[in-house]
Amino acid sequence: MTKATSIKPRDRDVILQALAAGVVPRTGLRHVQVGRAAEVGALVRDIDRLADGGAAIRFVIGEYGAGKTFFLNLVRLIALERKCVTIHADLAPDRRIHASAGQARGLYAEAVRNMATRTKPDGGALASVVERFVTDCMNEASQKAQPVETVIDERLAHLQEHVGGYDYATVLKAYWRGSEEGDEVLKASALRWLRGEFSTKTEARQSLGVRNIIDDDGVYDALKLLAAFVKLAGYSGLLVVFDEMVNLYKLQSSQARNQNFEQILRMLNDVLQGNFGGIGFVFGGTPEFLMDTRRGLYSYAALQSRLSENAFAQGGLVDLSGPVLRLQSLTPEDLMILLTNIRHVFASGDPAAHLVPDEALPAFMDHCNRHVGEAYFRTPRNTIKAFVQFLAVLEQNPGTQWHDLVARVEIAPDAEAGGQGDADQTGDGGDDELASIRL
């Protein structure tokens, strides 16, 4: 029986609007999360490793519509609960890990703009993280009867051991000076530099007195510096989440693909060899992005050898200890619980307001199975979207009988799940396009 839990109208609307559009809601994931307990547990252990000063890297692989983005958002929320800082961004034609025309800096800037903490889960947390660091330094200086600048220098000395660390420390001190002097322009300039939004070194030197900026060739070093800084600010670690990695697979230039794969290899080596701690990477991609031997990660021999899956994990056996984590299909029981949760959200948590009885759920699933087949377990996005639209029609048309409406629901297999060959290399298709659904 569904637990009677009240759901705020704002959360209800956000969840239903997102699910009806086939995308992941930013809030309220706990109301609809089902299944995949083993995969979630594996990522929780990775996050705990970050808090202990270790590092982690995961490639979350699943078909279009299988729930990768939902899973990544859930992992981010878990990391926030573990007192980590998270940054995330989707790759796109103008945002990738390595580039020479600003695309890598664009990815970094987007990710840092989306920085989140437990108190600011919706993003834009960079200023509060820097403010927390400055405040802690001021409190420590007061307790030790030392100048604040001395305490800041002592704390930031560790950063200067890293590539670009001297400029990073200089910018953080500039933010503190702006706080002391009430100079909002200086503070804003420091935050712009930390977000990678300066496009020229000249502008950065005039504003902050530093000779370098976060540019395409220094994005990974900047991520490591950011991870070291958030630890100094009192957080457990930094989790970096990059989704839509299939955009690297779609790159026309083999040189551009290989340069991006080299950066991924650098990250993988650093994590697996224990070269750097306090940082975790989670990449979301499709099977083609991973396994295509001509354009995917497997086309790069060093990555293929490191990402090859356990040969013993066959016949229903799984191994969640390696870097690659494949999202398993939802079971019929999982999907039944998911539809039950969506019905509960639609009723704002009031069982008495359910629009359809319990027997409507297996009838809807049977209809999906007959029209789509087992694919609706592997890629449940269209089934979820159709169910939300089904309930919306019932809500807005009182007197309509659910059993008459079920037979009229037409569900097509997810268009993105197929046709992902060489013909679709333009980058126009993304994880959020959806097959047509009519009621």
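A residue counts as buried when its relative accessible area is under 20%, as exposed when over 50%, and as partly exposed in between (1.4 Å probe, protein chains only). This is a predicted model: local features need pLDDT of at least 70, side-chain atom pairs count only at pLDDT 80 or more, and totals for chains, interfaces and linings use all residues. Residues are numbered from 1 along each chain as its sequence is written, and side-chain values use heavy atoms, without hydrogens and water.

**Select the whole chain.** Of its 439 residues, 54% are buried. You have 19 helices and 7 strands. Both are DSSP runs numbered from the N terminus: helices are H or I with at least four residues, strands are E with at least two.

**Select residues 103–113.** This is helix H4, and 8 of its 11 residues are buried. Among them are Gln 103, Leu 107, Tyr 108 and Val 112. What covers the buried residues of H4? Strands S2 (85–90) and S3 (238–243) are part of the cover, and so are helices H5 (126–144), H7 (165–181), H8 (184–194) and H10 (219–232).

**Select Cys 84, then Cys 137.** Are they buried or exposed? Cys 84 is buried, at 1% relative accessibility. Cys 137 is buried too, at 0%.

**Look for disulfides.** A disulfide is a pair of cysteine sulfur atoms within 2.5 Å. By this rule the count is 0.

Definitions and conventions. Contact = heavy atoms within 4.5 Å.
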